[in-house]
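This briefing is meant for someone meeting the structure for the first time. Please look over the sequence and the model before reading on.

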Amino acid sequence: MTGTLITVAPTGAELDKADHPQLPTTLDELVATAVDCEAAGASLIHLHLRDTEHRPTLDGGYLRAAVEAVRETTDLVVQLSTGGSVHDPLSQRLTVLDADPDSCSLTCGTTNFGDDVFLNPWGFMSDLYVLAQEREVVPEFEIFDLGHVWSMRRLLDRHGLPFGGRVHVDLVTGVPGGMPGTPQAVMAAVQALPPEVTSWSATGIGRAHLPVLATALAAGGHLRVGMEDNVMYAKDREVSGNAELVARAATFAELMQRPPLSCEETRALLAVKD
Ligand code: KMH
Ligand code: ZN
């Protein structure tokens, strides 16, 4: 079994800065978070950007500035979210690749998302996948539900392997509307993955954070943590910041004899562009 890829998803598109002042929403805060999380054991960062009012944005200027700043200050693999927020139009979500990230998220189907709908119709998935191949960006397939595994298979069957030839999946559990954050759901999804998959990680939203983390480590998977997914460190205590979640994940990984992968090892695992 290999070491552990720890992804940090520091910001997301859902939380309010006013409610969580430690949420990194400015470029300076994002860079400081990236540096701290790399030191704590993260090797990949999943980025959503916020505008000057701390609102989610897919504006290319913000995206490019963040990609450049994180590259200048860390060795982290830089992944941009193409999911954005539930309000972002599909056409604008495709323009994310113009910011030239190493990797991009690619959600494999529409899902209920709390009271909202996170839209990912087949045509959009397919266009995004082909664009990522053309731009030499490595997609991370986001699986919110068991059926999404079959949509991912359809992409691979229709269009061949992603750039680099590796297939990395993230199982997103615990979203109200998607698969639950239980060991059983994680293992059902893992068992359904096709042979083309070369690595997978798992994310537990909210209270699913720790059980899913422990399940993934035990089953040979990698980890995604961060305030996008969970803001509670313990039942009655909010996280002080993203690095605290990364540090705890790294401790778990060490204890499981699967220490955090370096950024270089993660680049090799995912086959991102040099
Ligand atoms: N913000 C969610 C609607 C992704 O980054 O690709 C979608 C999301 C998934 O966070
Ligand atoms: Zn995201």
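This is a predicted model: local features need pLDDT of at least 70, side-chain atom pairs count only at pLDDT 80 or more; totals for chains, interfaces and linings use all residues.

Which residues have the most contacts inside the largest nonpolar core? They are Ile6, Ala42, Ile45, Ile143, Val246 and Ala249, in a core that has 72 residues, and helix α8 gives the most to this core, with six residues.

**The barrel**
- Eight strands form a closed barrel, which runs β1-β2-β5-β6-β9-β10-β11-β12 with parallel pairing, and neighbouring strands of this sheet are turned against each other by 25° on average, direction ignored.

- Helix α6 lies across β9, β10 and β11, and runs at about 150° to β10.

**Helix α7 and its cover**
- Helix α7 spans residues 209–218, and its buried residues are His209, Val212, Leu213, Thr215, Ala216 and Leu217.
- An α-helix has 3.6 residues a turn, so residues three or four places apart point the same way.
- The elements that cover the buried residues of α7 include the strands β10 (168–173), β11 (199–204) and β12 (222–225), together with the helices α6 (183–192) and α8 (242–255).
- Just after α7, Gly220 takes a positive phi of about 90°.

- Val8, which is in strand β1 (residues 6–8), counts as buried because it has 31 C-beta neighbours inside 10 Å.
- Although Val8 and Asn242 are 234 residues apart along the chain, their C-alpha atoms are separated by 7.5 Å.
- Not counting residues up to four places away in sequence, Val8 touches Cys37, Ala42, Ile45, Val225, Gly226, Asn242 and Val246.
- Ala249, leaving aside its neighbours within four places in sequence, is in contact with Ile6, Gly41, Leu213, Leu223 and Val225.

**The ligand**
- Ligand 1 is surrounded by 13 residues, and the closest are Ala13, Ser81, Gly83, Ser105 and Phe118.

Technical notes: Residues are numbered from 1 along each chain as its sequence is written. Chains are lettered from A and ligands numbered from 1 in the order in which they are written. A residue is near a molecule or strand if its C-beta atom, placed from the backbone, lies within 6 Å of it. A residue is buried if 20 or more other C-beta atoms lie within 10 Å of its own, exposed if 12 or fewer, and partly exposed in between; C-beta atoms are placed from the backbone. Helices (H or I, at least four residues) and strands (E, at least two) are DSSP runs, numbered from the N terminus. Two residues are in contact if their C-beta atoms, placed from the backbone, lie within 7 Å. A nonpolar core is a set of buried Ala, Val, Leu, Ile, Met, Phe, Trp, Tyr and Cys residues joined through C-beta atoms within 7 Å. Two strands pair if DSSP finds at least two bridges between them. Axes are lines fitted to C-alpha atoms, for helices over the stretch in contact, and angles run from 0 to 180 degrees between N-to-C directions.
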